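I opened my notebook to keep track of what I looked up in this one.

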Amino acid sequence: MILNLPRSFSENDLAKLLKKYGNIKACNLVMDTQAGKSKGFGFVDMVQELDAKAAIKALHGSTIGERKIRVKIAD
């Protein structure tokens, strides 16, 4: 789960961000259907658990635009 993403972020942007760390099974950005924009969080399912852990370690607390994102394993 990736939280606090910029509202302008697209699903394609999210996939590009995570592809650096390994292959992705699925990528879903949660959208506000009325506004047509991101709600600021999404889910990414990676093929390899080690790749997911590497992505979490590298991206958690990093900044995109002016937002400090949070990356964690979804409950």
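This is a predicted model: local features need pLDDT of at least 70, side-chain atom pairs count only at pLDDT 80 or more; totals for chains, interfaces and linings use all residues.

**Entry 1: the largest pocket**

I asked which element gives the most to the lining of the largest pocket, and it is α2, with five residues. Helices here are DSSP runs of H or I with at least four residues, strands are E runs of at least two, and both are numbered from the N terminus. Residues are numbered from 1 along each chain as its sequence is written, and side-chain values use heavy atoms, with hydrogens and water left out.

The largest pocket holds about 260 Å³ of space. It is lined by 17 residues, and Met 1, Val 44, Ala 52, Ile 56 and Lys 72 are the closest to its centre. Two or more lining residues come from each of β3 (37–46) and α2 (49–59).

For my own reference: on a 1 Å grid over the protein atoms alone, a pocket is an open set of points where a 1.4 Å probe fits, with protein on both sides within 12 Å along at least five of seven lines, and lining residues have an atom within 4 Å of a point. Points are joined across faces, edges and corners, and the volume is the space filled by probe spheres set on them.

**Entry 2: Asp 51**

Asp 51 is partly exposed at 22% relative accessible area; buried means under 20%, exposed over 50%, and partly exposed in between, with a 1.4 Å probe and protein chains only. Leaving out residues up to four places away in sequence, Asp 51 touches Tyr 21, Gly 22, Asn 23 and Met 46, where contact means heavy atoms within 4.5 Å. From Asp 51 to Lys 19 I noted 9.5 Å, C-alpha to C-alpha, across 32 residues of sequence.

**Entry 3: helix α1**

Which residues of α1 are buried? I found Leu 14, Ala 15, Leu 17 and Leu 18. Seen down the helix axis, these buried residues fall within an arc of 160°, so they line one face of α1; the arc is taken from the directions from the axis to the C-beta atoms. Lys 16 and Lys 19 are exposed on the other side. The buried residues of α1 pack against β1 (2–3), β2, β3, α2 and β4 (63–64).

**Entry 4: the nonpolar core**

The largest nonpolar core has 15 residues, and Ile 2, Leu 5, Leu 14, Leu 18 and Ile 69 touch the most other members. At least two core residues come from each of α1 (11–19), β2 (24–32) and α2, and α1 gives the most, with four. Such a core is a set of buried Ala, Val, Leu, Ile, Met, Phe, Trp, Tyr and Cys residues joined through side-chain atoms within 4.5 Å.

Leu 29, in strand β2, is buried at 7% relative accessible area. Beyond four places in sequence, its contacts include Leu 5, Phe 9 and Leu 14.

**Entry 5: Asn 4**

Asn 4 lies in the loop between β1 and α1. Its phi is near 70°, a positive value in a residue other than glycine. Asn 4 is partly exposed, at 31% relative accessibility.
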